[in-house]
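Open your viewer and get ready to select residues by number. This tour goes stop by stop.

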Amino acid sequence: MQWPDLPTAQRPSWPQDGSLERVRETLASYPPLVFAGECDVLRSRLADAARGEAFLLQGGDCAEMFDSATADNIRDRVKTILQMAAVLTYGASTPVIKMGRIAGQYAKPRSKDTETRGDVTLPAYRGDMVNDFAFSPEARRPDPDRLARAYHTSSATLNLVRAFTTGGFADLRHVHEWNRGFIANSAYARYETTARDIDRAMRFMDACGADFDAMRTVEFFASHEALLLDYEQPLTRIDSRTGNPYATSGHFVWVGERTRQLDGAHLDYVSRIHNPVGVKLGPNVDPDEVLRIIDKVDPDREPGRLTFITRMGAQTVRDALPPVVEKVTASGAKVVWVSDPMHGNTFESSTGYKTREFDDVVEEVRGFFEVHQSLGTIPGGIHVELTGNDVTECLGGSEKILDADLEKRYETACDPRLNHQQSLELSFLVAEMLSQRLA
């Protein structure tokens, strides 16, 4: 496909030696990572979420790293999302769409092009798809060959995810047992009632002869930010069934807060593909600008096509979100509203770590639900940066990670993530919010 020459925010300073063009040609020759039909299924599921008939759980790494794409890490991330989804399904009394920030989240936008340590200034780390985290001139030099490595790592990751979600690992009975283990920790005793109710529901299903074998597999979709168009464009293919173009790098891609310029290349790109797509909205977004985004990306107002992922901040969400939701609702657009409670609540700890407070994450989700309840609109999902490992990157939670604990296992290459325990605790709290919505 031919792409217009538009301003492209956050594009790395690639070498001018022909290597980028060579890699783009190589990517264009590779098989798709996902298929158009799978994207259509997700679009249908998201249409359900727009109507309040499903709920989206989107979670995974802030920035995936090549060296971390191990079988154990992938398994633990998928396991965490499955556990969260089981709890949310009970709370929502509707299907939960399971979507990972996975198999493509190898690039990150940066507020500055450079990083300075002491008297040394080097290019900023833009994710493993661009350069290396190590602070040296060689490591920080943008390398187009990393685009191809991202493809191969994503392919291997998706292969394993498909095996986990179709081979019995995702069996609802296993997932329920994992959650019972979580509740066995006295720190989470307050969630025992919900866990007991789920246990009772499982026994009821069993007594009624529910086909648990049909619950051994789950749908699991892959998503990432469509940040590097030098990666996305070569992996865009024409569907032989319909003639429509699809991003085959992932089922769902989104445009971030820093790249959603109306005259920019990123919104133009997602307006041309047939995948379901998302757009991040921060607290200072102009509601009229949001309407222009809809006109560009979802002119036909198709349910499931467009998701707005709001990242307002715990102290801001109740004031900043209503004008946007009201304007969009009045326009007739059928979007999915999703809360990203992570990016608006980041700060630097007293020990110098970028972190988030668990209570702030919960409070933003609570504010998100309150806004939608007051407006009579539908809270369609949550978007969370998380890991399946026991890292110490976000403060708080029932096991109380303190400022002094951050250094113990602070492993993220970019933003702090909820660890396994915090992620599960969040799911129980959101399940309570969902149950109250239905009461």
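Are Phe308 and Trp337 buried or exposed? Select both and look. Phe308 is buried, and Trp337 is buried as well. Keep in mind that this is a predicted model.

**Stop 1: aromatic rings**

Stay with Phe308 and Trp337. Their ring centres are 5.6 Å apart and their planes meet at 40°. A pair counts as stacked under 30 degrees and as edge-to-face over 60. At 40°, the pair of Phe308 and Trp337 is therefore tilted. Now colour the strands. Phe308 belongs to strand β10 (residues 306-310), and Trp337 belongs to strand β11 (residues 336-339). The two residues are 29 residues apart, and their pair links distant parts of the chain.

Select Phe164 and Phe169 for another tilted one: 4.8 Å from centre to centre, with 45° between the planes. Phe164 and Phe169 are both buried.

Next, select Phe182, Tyr188, Tyr191 and Phe428. These form one aromatic cluster.

**Stop 2**

Move to helix α1, residues 19-29. Which residues of α1 are buried? Select Ser19, Leu20, Val23 and Leu27: these are buried. They lie on the same side of α1, because they cover an arc of only 95° around the axis.

**Stop 3**

Zoom in on Cys62. It is found in the loop between β1 (55-60) and α3 (71-92). How accessible is Cys62? Its relative accessibility is 0%, so Cys62 counts as buried. Show its contacts beyond four places in sequence. Among them are Arg101, Gln105, Glu385, Thr412 and Asp415.

Now click Glu385. It lies in strand β14 (residues 379-385). Its relative accessible area is 0%, and that makes Glu385 buried. Leave aside neighbours within four places in sequence, and Glu385 still has a list of contacts, including Gly60, Cys62, Met342, His343, Arg356 and Asp415. Arg101 is one of these contacts too. Draw a line between the side chains of Glu385 and Arg101: a polar contact of 3.1 Å joins them.

**Stop 2: the second annotated set**

Look at Arg101 by itself. It is found in strand β2 (residues 96-101). Arg101 has a relative accessible area of 1%, so it is buried.

Compare Glu257. Its place is in the loop between β8 (252-255) and α8 (265-272). Buried means under 20% and exposed means over 50%. At 26% relative accessibility, Glu257 is therefore partly exposed.

Show what Glu257 touches. Beyond four places in sequence, its contacts are Lys280, Leu281, Gly282 and Arg311. Then find Arg260. The side chains of Glu257 and Arg260 are joined by a polar contact of 3.1 Å.

**Last stop: Asp199**

Select Asp199 and show the helix around it. This is helix α6, residues 192-207. Asp199 has 16% relative accessibility, so it counts as buried. Finish with its contacts. Not counting residues up to four places away in sequence, Asp199 touches His176 and Arg180.

Definitions and conventions
Residues numbered from 1 in each chain as written. Predicted model: local features only at pLDDT ≥ 70, side-chain atom pairs only at ≥ 80, totals over all residues. Heavy atoms only, no water. Helix = DSSP H or I, 4+ residues; strand = E, 2+ residues; numbered from the N terminus. Buried < 20%, exposed > 50% of the residue type's maximum accessible area, 1.4 Å probe, protein only. Contact = heavy atoms within 4.5 Å. Polar contact = N/O pair within 3.5 Å; in protein donor to acceptor, adjacent residues only side chain to side chain. Arc of directions from axis to C-beta. Phe/Tyr/Trp six-rings, centres within 6.5 Å; stacked < 30°, edge-to-face > 60°.
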